[in-house]
Structures are given as structure tokens and as C-alpha cells.
Amino acid sequence: MHTACFVDGAFVPARSGRTFAVRNPATDAEVAQVADGWLDDARAAVEAAARAFPAWKSIAAIERARHLRRLAELMHRDAERLADLCSQECGKPLAEARTEVAYAASFLEWYAEEGKRVYGETIPASDQAKRLLVLRRPCGVAAAITPWNFPIAMVTRKMGPALAAGCTQVVKPAEQTPLSALAIAALAAEAGLPAGVLNVVPGLDAASISDAFFDTLHVRHVSFTGSTEVGRILLRRSAEQVVRVSLELGGHAPFIVFDDADLDAAVAGAMASKFRNAGQTCVCANRFLVQRGIHDAFVERFTAAVAALKVGDGRADGTQVGPLIDDAGLRKAEAHVADALARGARATTGGTRARVEGCTDRFMRPTVLTGVTPAMTCFREETFGPVAPVCAFDSEGDALRLANDTPYGLAAYVFTKDGARIVRMSEELQYGIVGINDALPATAQAPFGGVKHSGLGREGGRQGIEEYLDLRYVSWRVG
Ligand code: SIN
């Protein structure tokens, strides 16, 4: 297991010599002591990335693609080890962690190809003695600040496009889950990635590490996945060096079920969207808007499916829902449930902590709340836990109004068979991602990101690589 900072192609201790404990949220067992990087370590990483940049951007895209593909192959080879590490760090069930490894590798595979299609343009000039060209050039060193809920995939979702574009990178992984990022760094070295192209600086003091991203002209792009609160701070800081930022921030996804929906598909979609990673993804359904005619049947089927979920240590056989990442996460989910119950909602299943033999008490029974109204906290704020609040609505207009009445706009889901309604909802929902009869829309080929307080920029798809490219206009007088 690699526990040191990865800088300039080598694993090195933090300059301070300090380390911090990474613990399994299910058991509190120490997984490892990890280097506690700080400003100086991050500066060294930025300098290494800046030194590596001229050579990396100059090699053919097809060569960069080989490196990315090789790294993806090694991730598949070591999938079981990576999945186990991921589950230990963030508590997610092993089955989900295995899916995450494949999802993570898909960003490298897809961008290995997309990097070959960074085409330029020629523009017809009005002066016949001139040729006007537009080049798309890698912007420089890219910094990535990644979250704990997808310790592997959020690293490669930022790394794939950055490295394919010809940028070099410094990653600051979440303090809860640095080991997965360091494992990727070790595989990158094995894949033959030149020193300095990828650097990883773990550490408890995220603010001091990110200082190193904003006190230099080398870093030309900062990508962050996490809370809206921290996103705002980074956006303010980006003004200092006029650095481009991509922000993938909080969500508050509505999951809308119309009377004409396929009930089986809606319930299966609700389960997949809500309980992935114990409800701790930015795109998890956060409130269920269910039309009155199908409401009771949906609640009955959904409740039965939720009550059957197996809660446990992510590494134990058959676990479907793991722990919350920490005590604060558990308390927040509990507070949302308590507030809803106090204001008249009813728990048709769950609503309390779950006891898991030999584990911490960070587990919550998967919960369905009915009779939820917009006055309740769970209807207004992201819960980030295994709680599914259900609110009945009458008309399509009501559903749209309820869905859009939030500062957030990451993902929304609609279950219906009506084609005209699908068009209207796709156009009128104020969200960056709309899943139509599809609860799992995220994929490497498509642009992922939000509007309003859910963020700026896109990851994935051909749009994702644009974030790392500067346009250069060349005016060439030929005669
Ligand atoms: C996230 O929660 O930020 C990522 C979710 C996904 O890629 O599906």
C-alpha cells in the first residue's frame, strides 16, 4: 500500500514528516498512516508538473493515449485490490467498488481516444495574403481536488481529459480517501507515465495545499468536486491568477414519477439512484415527486424493496448499504429525518440507526418518508444519506415548479411513457443532467455537470477535454 506523497515520479514523505490516520468508516480500524502533505509539498508537486509539461504536451497524442490505455489495463488487472482499498476507505459495498474501478478506467480509455481528436480550424481570411488558423493547446498544469465518495473514479474523471489534452496534473485527494489516489499513482508509474506528469499530494489541510494552486502562474486549471461552500471559496480564489475552474458541487435531485410510468422501472430506478453509496453521491435522488394516481402503489413497492436492503460493513458478503462516511454525515441524515417526522411526515420503513455487529454506529436504516412537504429540511437541502422523502403532486406544472424551486441544478430524473412530456421536461427542468426512465445517466462519453449552485464546467464527453484546452488564434501572412 502506498502512503507517501507522489511527486516527480517518486513516493516521498511529507516534508514536515507528519502523517495522519485513514480509518475505515465501518469499523474505525486504521487502514494506514498517510503523509500529511502541506503547502511546501504541493508547491514541489506543482513545480514537478510544470517541469514535465513541455515534454508531455509535445509528444504525439497517440503516445499519450498509449500511456492512458496502459494505466486503464493495469487498473483492470488490479481491480479486486483497488475495490477492496476503496471499500475500506469510504465504506461502500465491494460490489459497488468493483463497478467504480471499471467506471474509473472508462474515463482513461475514452479520453485516450478523444485526445486524438483535438482538431484545430482554418478560417477563410478576407486578406488573400493571410491564413487564419485556430489551434487548441493544453493550458498548463491542472490541479484536481477530488471527493471521498468516488475515491477512484473522480480522480480519473479529472485525470483522463487533462493528461489526454497534454496537461500535467497535481491531485489533492480527499483526506478520508487518499489511498486509492496513491494506488492509481503507483499504477501510473508502472504504466511508464513520465515523472511529474501526475502528482498526488494527500493532506489534512486542504486550504494550504490549494494555496499552492493559486500562488503560481503554472496552474491554469483547477477542478473540484465537493460542496458548494468550498466551490465558492475556490471560485473567489481563482480570480487571483485568473485561473479557469470546473466545479462539480452539491445536488438536490428530484426523481419525478408520473402516473403513466412503468412502475417496475420507476421502483428499480429509485433504488439504484437513491441507495448507491448509501445515498452519498451528488446525483442521488434527494426527493421523490410522485403523481397522486401512482403514489400509493409506488410507495408500497418502494418501501418493500428498501426494507429488504442489507445494511453492513462494505467488505462483508451481500452488503448493499454501507456506513455514512463520518459522524457528521450520520447526524445530518438523522436531523433531516427528525425534522420531517416532527412536521408530519411518516417513515414507512427505517428512520433510525442500524446496528451492525462489530462495527461503528454510523449506519442508518434505509428510510422512506411519506407526506413530505416543501417546508421540510429534507425537501430543501441535500441529505447525502439513505433517506428517500416522497411528496405527492397533481399536475405536470406542479412537478416542474417543485423540481425547479431550488438553487441546485445537477441531476433530475423523470419516469413517464409520454413522449411529448419527455420533451417538455427535458427542456424545462433547470438541471445539467436529466435522466429519462434512466436513474444512472453518468458515463465517460457524456458531459456531467450542473447549473446554478451545482457548479460550472463539464466532466466527461467531448466537452470535458475543452476545459483543459486554450484556443490559440494564429494569423499567418504568407505573401
Ligand atoms: C458524484 O457523486 O459526484 C459522481 C456521481 C457519478 O459519477 O455517478
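Analyst: Start with a bridge: Ile-256 is partnered by Leu-289 in strand 13. The model is predicted, so local features need pLDDT of at least 70, side-chain atom pairs count only at pLDDT 80 or more, and totals for chains, interfaces and linings use all residues. Residues are numbered from 1 along each chain as its sequence is written, and side-chain values use heavy atoms, leaving out hydrogens and water.

User: When do two strands count as paired, and in which sense do strand 12 and strand 13 pair?

Analyst: Two strands pair if DSSP finds at least two bridges between them. Strands (E, at least two residues) and helices (H or I, at least four) are DSSP runs, numbered from the N terminus. Strand 12 and strand 13 (residues 285-291) are parallel, with five bridges.

User: How does the chain cross from strand 12 to strand 13?

Analyst: A crossover is right-handed if, with the strands pointing away from the viewer, the path from the first strand over the helix to the second runs clockwise. Here the chain passes through helix 9 (residues 263-275), and the β-α-β crossover is right-handed.

User: Which strand holds the residue opposite Ile-256, Val-414?

Analyst: Val-414 lies in strand 18. Strand 18 (residues 411-415) runs parallel to strand 12, joined by three bridges.

User: Which way do the side chains of strand 12 point, and are they buried or exposed?

Analyst: In a regular strand the side chains alternate between the two faces of the sheet. Ala-253, Phe-255 and Val-257 point one way, Pro-254 and Ile-256 the other, and all are buried (under 20% relative accessible area, 1.4 Å probe, protein chains only). Because five of its five residues are buried, strand 12 (residues 253-257) is largely enclosed by the rest of the structure.

Note on methods. Buried means under 20% relative accessible area, exposed over 50%, partly exposed in between (1.4 Å probe, protein chains only).
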